[in-house]
Structure formats: C-alpha cells, structure tokens
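Dear colleague,

I am handing over the structure below, and after it I set out what was found. Please keep it open beside this message as you read.

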Amino acid sequence: MFLQEDTRKEGSAAGGSAERIRRDVERVADLAYHGFAGPTYRVFEDDLCRKSLPMLRGMLRSGKLPRLSQQKHQRRGIALYVHDEDLRLLHNSAEARDEIAVEILLRALKSFRDNGLVGGGWNPWHAGRHGACSLTTYFIGQCVWEFRRVYLRWRRARLHLAEHEVAMRSSDALLRLLQTPSHLPGPEARVAGGALSDLINKRSAESRAVVLLAHEGYDDSQIAERLKTTAAAVRQHRYRLRRDIKRAEKAGRVWLPRQLRSESGEAL
C-alpha cells in the first residue's frame with residue numbers, strides 16, 4: 001500500500017527528494033512490521049541521531065534553530081525569547097551546543113516515534129506549500145519544537161548556578177567590594193557607594209557572579225568553568241560593566257573602589 005501510493009505521487013517531487021522519500025517509506029514499513037521497537041528500531045534511531053546531530057550543532061551555532069523555534073511558537077501564540085548573551089554562548093561554545101543538542105535529540109526521539117511514526121504524523125504524500133519531506137527533515141522539525149523546552153530549562157540551570165555563586169558571597173564579599181573610601185564624608189560616601197551598589201545589583205546574576213569571582217582572584221577561564229560559559233562571555237560581562245561604570249563616573253554618579261580597578265587603573 002505504501003509503495004503503490006508513493007509510486008503514483010513521487011513524480012510531483014524533485015527526483016532526489018522523491019527517491020529519499022521512497023526509501024523512507026520502505027523503512028517505515030519495515031519498522032512498523034517490527035512494532036517500532038526492538039533492535040531494528042534502535043539501529044534506525046542511531047542512524048537518525050548520527051545524521052541529525054551535526055545539523056543541530058550547525059543550526060545552534062548559526063542561530064537558525066532558535067530563530068525557527070521562535071517563529072513556529074509565535075505562530076501558535078506561544079512566547080519564546082532567546083537572550084542575545086545565550087545566542088553568543090551557543091555560537092562560541094561547542095560544549096554548550098552539545099549540551100542542548102543532545103537533550104533536544106533525546107526529547108525529539110520520543111515525540112518523533114509517538115507522533116510521527118506510530119501516530120502517523122509523518123505523511124510522505126503531504127501536498128502542502130513545501131510538499132513532502134524526508135524522515136530526517138521531519139525529525140529536525142520535531143527538534144525545532146523541542147528547542148523551547150530544552151532552552152528554557154538550560155537557561156534556568158545556568159541562572160541558578162550564577163545565583164548560587166552570588167549568594168555564597170554576597171553576605172560579606174559585596175560589602176567589602178563596595179567599601180567606601182575614608183576620605184569621603186559619611187553622607188557623600190553612602191550616596192556614592194549606594195549608587196555603585198545599585199548599578200551592580202541591577203545587572204544579571206551571571207554578571208554579578210563575574211564581578212565577585214574576579215574580585216576573589218579567579219581568571220576568566222576559571223570563572224567561565226564555574227558558570228558554564230565561555231571566557232569570551234566573561235570578558236563581555238566585564239567589558240559592559242566597565243563601560244557602564246565609566247559612564248556613571250564621568251557623570252559623577254559613582255566612584256570606583258580600588259578593588260575593582262586593575263593595576264592600570266581600569267575597572268575590572
């Protein structure tokens with residue numbers, strides 16, 4: 001039945017695509033015969049993952065996967081915002097890409113089997129705007145849907161890690177870091193110190209963790225390892241804080257403690 005109907009309709013698709021879909025139809029028929037389970041299905045899953053993982057890595061590095069996921073969810077009225085700093089991290093960190101890609105694969109394998117194969121969601125004769133698609137393309141589409149859930153959980157985990165680093169230190173380290181200079185009068189020192197404290201506390205947990213860890217003497221690579229980010233991302237946090245402090249200093253809104261300056265006098 002699968003092969004007869006596919007033969008009648010494959011002429012409407014491009015030759016290469018039609019041939020891939022024909023082979024996929026044969027494979028699905030074989031998988032169905034084995035109940036989409038057992039050694040035959042495990043070999044199929046391994047082959048699917050081997051083909052799809054490099055694609056997902058590339059789509060995460062280029063930002064295409066987050067962008068497609070945002071578009072798909074937006075059409076369903078589901079909000080998804082991918083932060084710029086996370087896009088930069090996924091672009092620069094192979095470890096971060098692998099962490100998300102593997103989790104997406106594991107989740108997509110289940111939804112692909114349940115919805116695409118057992119539930120008949122994959123239709124080799126689909127006549128929509130883009131026509132029929134191969135099993136691999138359909139699976140990548142499932143991965144696009146799974147990105148949102150995996151990304152949000154991944155972001156929350158990194159946020160909790162940064163918050164933990166801040167919480168372990170904020171009770172005394174931040175107070176020492178923001179200790180006012182003795183030459184300022186009491187009220188003036190409190191205003192200056194409070195302004196800098198506000199400036200730092202308004203930043204993300206990761207940015208505050210970078211400040212505190214740098215104050216303790218950790219270098220960029222060590223901070224990146226603790227926060228599950230990259231040394232480049234750490235440098236970006238330090239650069240943006242230094243930029244904002246310079247602007248505030250120039251406007252006379254804050255003073256910069258000695259502990260936050262490097263030997264050259266620059267802010268951390």
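Ring pairs link F36, Y41, F44, F112, Y138 and F139 into a cluster, where rings of Phe, Tyr and Trp (its six-membered ring) count as a pair if their centres lie within 6.5 Å. Please bear in mind that this is a predicted model, in which local features need pLDDT of at least 70 and side-chain atom pairs count only at pLDDT 80 or more, while totals for chains, interfaces and linings use all residues. Residues are numbered from 1 along each chain as its sequence is written, and side-chain values use heavy atoms, with hydrogens and water left out.

In the whole structure, a search finds seven aromatic pairs. One of them is formed by Y41 and F44, whose rings are tilted, at 5.6 Å centre to centre and with 45° between the planes; planes under 30 degrees apart count as stacked, over 60 as edge-to-face and the rest as tilted. Both residues lie in helix α3 (residues 38-62), three residues apart, about one turn of the helix, helices being DSSP runs of H or I with at least four residues, numbered from the N terminus. Y41 is buried, with a relative accessible area of 4%, and F44, at 4% relative accessibility, counts as buried too (buried means under 20% relative accessible area, exposed over 50% and partly exposed in between, with a 1.4 Å probe and protein chains only).

A tilted pair is also formed by Y151 and W154, at 6.0 Å centre to centre and 40° between the planes. Y151 and W154 both lie in helix α7 (residues 135-170), three residues apart, about one turn of the helix, and both are buried.

Helix α3 also holds S52, which counts as buried at 0% relative accessibility. Leaving aside neighbours within four places in sequence, S52 is in contact (heavy atoms within 4.5 Å) with L105, T136, F139 and I140; F139 also belongs to the ring cluster.

Lastly, there is a helix packing to look at. Helix α10 (residues 205-215) and helix α11 (residues 220-227) pack at an angle of about 135°, with their axes 10 Å apart, the axes being lines fitted to C-alpha atoms over the stretch in contact and the angles running from 0 to 180 degrees between N-to-C directions. The two helices are therefore oblique to each other, since angles under 35 degrees count as roughly parallel, over 145 as roughly antiparallel, 65 to 115 as roughly perpendicular and the rest as oblique. In this packing, E206, A209, V210, L213 and A214 in α10 meet I223, R226 and L227 in α11.
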